[in-house]
Amino acid sequence: MGEMITIKSVARDGFEFPAYHAAPSGARKGGVIVIQEIFGIDEHVRRDVDRWASLGFEAVAPSLYERLEPGFVAHHDEAGIRAGIAHAMASPRDQVLADLAACRDYLAPRGKVMVVGYCYGGSYTWLAAGELGGIAAASSYYGSMVQANAALAPRCPTIVHLGRLDAGIPADDVKAAVEATNPTVPVYIYDDAGHGFNNEDPARHAAGAAELARQRTLELFEKA
């Protein structure tokens, strides 16, 4: 359904990066920035962009590691995880946020802009909600940086999704941290899901949790 386009990070360095883009089916409900996991713009991210487009949203997923390794896509194995984490750690926060702002500016002339992200993207969804203007709503999935940045107040309606079985992200601790300073932000914990439950990799996918989280996200985006 989608295609690769080019977006320029005007506010930071003028760098042009690719992004996977899909036009909405039917009447356009708004724009959605889909923020990648650590593995790059792989088949799962592209499928998610296509899914949001099928629900009526113009969706775009920026390739956030392009300055480090053009066209980076990693397998969901130990080597891929190492490579993805290395690129994540080497990408400055202000650079990533500037690239997300460029995606916002690409979508904004045609209506409201929402953000959804998974894993690495879940962290930057939370950061974008708190640090970028012009975002109408945000849905953060299992971001490892949410707890450390829990005091950051979202500037738009925001929800958080966590898997109870996630070995790397303590769901109850994250929920408590967010609620301590942002008590109006809903934090949903899915008891039968682990990390990456929205990803359709059979090793991680939890269909029931993914469907419920997507429905909650869709309701948030449609009300924004």
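## Basis of the report

The coordinates come from a predicted model, and the values given under the following headings should be read with that in mind.

## Packing of H3 and H4

Two packed helices are described by the angle between their axes and the distance between the axes. For helix H3, which spans residues 93–107, and helix H4, which spans residues 120–131, the angle is about 75° and the axes are 11 Å apart. Since angles of 65 to 115 degrees count as roughly perpendicular, H3 and H4 are therefore roughly perpendicular to each other.

On the side of H3 the contact is made by Arg93, Val96, Leu97 and Leu100, and on the side of H4 these residues meet Tyr120, Tyr124, Leu127, Ala128 and Glu131. Sorted by class, the residues in the contact of H3 with H4 comprise 7 nonpolar and 2 charged ones, with no polar residue among them.

## The enclosed cavity

The structure contains 1 cavity that reaches 30 Å³ or more, and the volume of the largest cavity is about 110 Å³. Its lining is made up of Val34, Glu37, His44, Val45, Arg47, Asp48, Arg51, Tyr118, Tyr142, Asn198, Asn199 and Glu200.

Helix H1, residues 43–54, gives the most to this lining, with 5 residues. In terms of residue class, the lining of the largest cavity divides into 4 nonpolar, 3 polar and 5 charged residues.

One of the lining residues, Tyr142, is found in the loop that runs between strand S6 (137–141) and strand S7 (158–163). The phi angle of Tyr142 is near 35°, which is a positive value in a residue other than glycine. Tyr142 has a relative accessibility of 0% and therefore counts as buried, the cut-off for that class being under 20% relative accessible area.

## The largest pocket

The largest pocket holds about 410 Å³ of space. Of the 21 residues that line the largest pocket, Ile38, Ile85, Cys119, Tyr120 and Ser144 are the closest to its centre. Helix H2 (78–90) and H4 each supply at least two residues of the lining, and the largest share, 4 residues, comes from H2. By class, the lining of the largest pocket consists of 12 nonpolar, 6 polar and 3 charged residues.

Cys119, which is among the residues closest to the centre of the largest pocket, lies in the loop between strand S5 (113–118) and H4. Phi of Cys119 is near 60°, a positive value in a residue other than glycine. With a relative accessible area of 12%, Cys119 is buried. Tyr120, also among the residues closest to the centre of the largest pocket, is one of the H4 residues that meet H3.

Where does Phe57 sit, and what surrounds it? Phe57 is found in strand S4, residues 57–62, and is buried, with a relative accessible area of 0%. Once its neighbours within four places in sequence are left aside, Phe57 is in contact with Ala22, Ala23, Pro24, Lys29, Gly30, Val32, Trp52, Met114, Leu218, Phe221 and Glu222.

Leaving aside neighbours within four places in sequence, the contacts of Ile7 are with Phe15, Glu16, Phe17, Ala19, Val60, Ala102, Cys103 and Tyr106. Ile7 and Leu55, by contrast, are 48 residues apart in sequence and 23 Å apart in space, C-alpha to C-alpha.

## A partly exposed glycine

Gly14 is placed in the loop between strand S1 (3–9) and strand S2 (15–22). Its relative accessibility is 30%, and Gly14 therefore counts as partly exposed, a class that lies between the 20% and 50% cut-offs.

Beyond its neighbours within four places in sequence, Gly14 is in contact with Lys8 and Ser9. Gly14 and Asp99 are 85 residues apart in sequence, while their C-alpha atoms are 9.9 Å apart in space.

Definitions and conventions
Residues are numbered from 1 along each chain as its sequence is written. This is a predicted model: local features need pLDDT of at least 70, side-chain atom pairs count only at pLDDT 80 or more; totals for chains, interfaces and linings use all residues. Side-chain values use heavy atoms; hydrogens and water are left out. Axes are lines fitted to C-alpha atoms, for helices over the stretch in contact, and angles run from 0 to 180 degrees between N-to-C directions. Angles under 35 degrees count as roughly parallel, over 145 as roughly antiparallel, 65 to 115 as roughly perpendicular and the rest as oblique. Contact means heavy atoms within 4.5 Å. Ala, Val, Leu, Ile, Met, Phe, Trp, Tyr, Cys and Pro count as nonpolar, Asp, Glu, Lys and Arg as charged, and the others, Gly among them, as polar. On a 1 Å grid over the protein atoms alone, a cavity is a set of points where a 1.4 Å probe fits but cannot get out, and a pocket is an open set with protein on both sides within 12 Å along at least five of seven lines; lining residues have an atom within 4 Å of a point. Grid points are joined across faces, edges and corners, and a volume is the space filled by probe spheres set on the points. Buried means under 20% relative accessible area, exposed over 50%, partly exposed in between (1.4 Å probe, protein chains only).
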